Amino acid sequence: MRLLIPSKINSMSNNLINASSQDGAHISVSLDGGHLCSWRTADGVEHLYLSPLTKMGAGAAIRGGIPIIFPQFASKGDLPKHGFARNSLWRLCASGDGFMQLTLSDSVETRALFPHAFTLTLNITFSARTLNAELAVTNTGTDAFTFTSALHTYLATPIADTALRGLQGCRYIDTTDKTCERNGIFEDTLLQVNNEVDSVFLQADKAVELLSPQKNIAISKTGFPDLVVWNPWQTLCAQIADLPDDAYQQFICVEAALVAVPMTLLAGESWVGSQRLEM
Ligand SMILES: O=P(O)(O)OC[C@H]1O[C@H](O)[C@H](O)[C@@H](O)[C@@H]1O
């Protein structure tokens, strides 16, 4: 366990913590949701999209950044969409140079929805050109539980000039039509977005690169078997109250996900998954 070194925290107000690393990177993290809202590399460039219309504060699901999805991905179960971790108040446990650790444990509120004892630990490490978010789930109770999860990363990028490389040959489930999911094998070298995209790429183990004229980002993950790619495009974007109508042109979600096969943890067991972004 690293010690709390308050000097690495630049400021904290309204549950929003600003921190920087010695080599010049910067993050903002909200305790509401355990939510990374901003990651700026040492050159000052912001890489996470955050909606100017997002709600912040107690209970709000922040639109953008890296929402933590637990214990249910999307509407694949009876819980509120994407579970409750993104709406819960997390605790800052530790911080240091380029490091922050947050936790969320079960409470009266979570047990009303999900009657299990758990602890989530989010370890964020960042440096001049890298960001790593690692989520650990521990079953602290006496009975088993099952969950799905994701790091729902909104990458800031002009969508018209953006492509993802590394998904060729992956099996995927296209969920844009919620009444009729379609399966396929992704055949192309590049995934370019020119329509609504909502796909779960199964067992997508290879690193994916985001390519654009402005920057390339290497996106890799451990523990999370699947990769979700989401962009609402014009019609759906206009229906999402906390996104400006043209926001779909400014981001792509590339999500490290555990979706297709839910994970079961017995009493005392833990699971760990992470996503790494590298410029
Ligand atoms: O609007 P939200 O609840 O944040 O969900 C945003 C999106 O998250 C994921 O990417 C899902 O695959 C989408 O189906 C969903 O629309």
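## Chat about a predicted model

Mentor: Start with Thr41, which sits in the loop between β4 (35-40) and β5 (68-69). Keep in mind that this is a predicted model.

Trainee: Is Thr41 buried or exposed?

Mentor: Thr41 is buried, because its relative accessibility is 4% and the cut-off for buried is under 20%.

Trainee: Which side chain makes a polar contact with that of Thr41?

Mentor: That of Asp43, at 2.6 Å.

Trainee: OK, new topic. Which residues does UniProt list for "active site"?

Mentor: The UniProt entry, which is unreviewed, lists His152 and Glu255 under that heading. They are spread over 104 residues of sequence, yet they cluster in space, with a largest C-alpha distance of 4.6 Å. Both His152 and Glu255 belong to the lining of the largest pocket.

Trainee: Where does His152 lie?

Mentor: His152 is in the loop between β10 (145-151) and β11 (154-156).

Trainee: And Glu255, what element is that in?

Mentor: Glu255 is in strand β20, which covers residues 251-265.

Trainee: Why does His152 count as buried?

Mentor: Because its relative accessibility is 6%, and buried means under 20%. Glu255 is buried as well, with a relative accessible area of 1%.

Trainee: What kind of contact do the side chains of Glu255 and His152 make?

Mentor: A polar contact, at 3.4 Å.

Trainee: What else does His152 touch?

Mentor: Not counting residues up to four places away in sequence, His152 touches Gly65, Ile66, Pro67, Ile69, His82, Trp230, Cys253 and Glu255.

Trainee: Let's move to Val229. Which strand is that in?

Mentor: Val229 is in strand β19, residues 226-231. Val229 counts as buried, because its relative accessibility is 0%.

Trainee: How far apart are the C-alpha atoms of Val229 and Cys253?

Mentor: They are separated by 5.5 Å, although the two residues are 24 apart along the chain.

Trainee: Zooming out, how many helices and strands does the protein have?

Mentor: Two helices and 21 strands.

Trainee: Why does its radius of gyration agree with that of a compact globule?

Mentor: Because a compact globule with 279 residues would have a value near 19 Å, and the protein has 18 Å. The C-alpha atoms fill a box of roughly 45 × 45 × 35 Å along the principal axes.

Trainee: How much of the protein is buried?

Mentor: Buried residues make up 54% of the 279 residues.

Trainee: Last one. What share of contacts join residues at least 24 apart?

Mentor: The share is 63%, among contacts between residues at least 6 apart in sequence.

Notes: Residues are numbered from 1 along each chain as its sequence is written. This is a predicted model: local features need pLDDT of at least 70, side-chain atom pairs count only at pLDDT 80 or more; totals for chains, interfaces and linings use all residues. Side-chain values use heavy atoms; hydrogens and water are left out. UniProt positions are given in the numbering used here, feature names are shortened, and annotations may be inferred rather than shown by experiment. On a 1 Å grid over the protein atoms alone, a cavity is a set of points where a 1.4 Å probe fits but cannot get out, and a pocket is an open set with protein on both sides within 12 Å along at least five of seven lines; lining residues have an atom within 4 Å of a point. Helices (H or I, at least four residues) and strands (E, at least two) are DSSP runs, numbered from the N terminus. Buried means under 20% relative accessible area, exposed over 50%, partly exposed in between (1.4 Å probe, protein chains only). Contact means heavy atoms within 4.5 Å. A polar contact is a pair of N or O atoms within 3.5 Å; within protein, one must be able to donate a hydrogen and the other to accept it, and residues adjacent in sequence count only if both atoms are side-chain atoms. The radius of gyration is taken over C-alpha atoms; the globule rule is 2.2 Å times the number of residues to the power 0.38.
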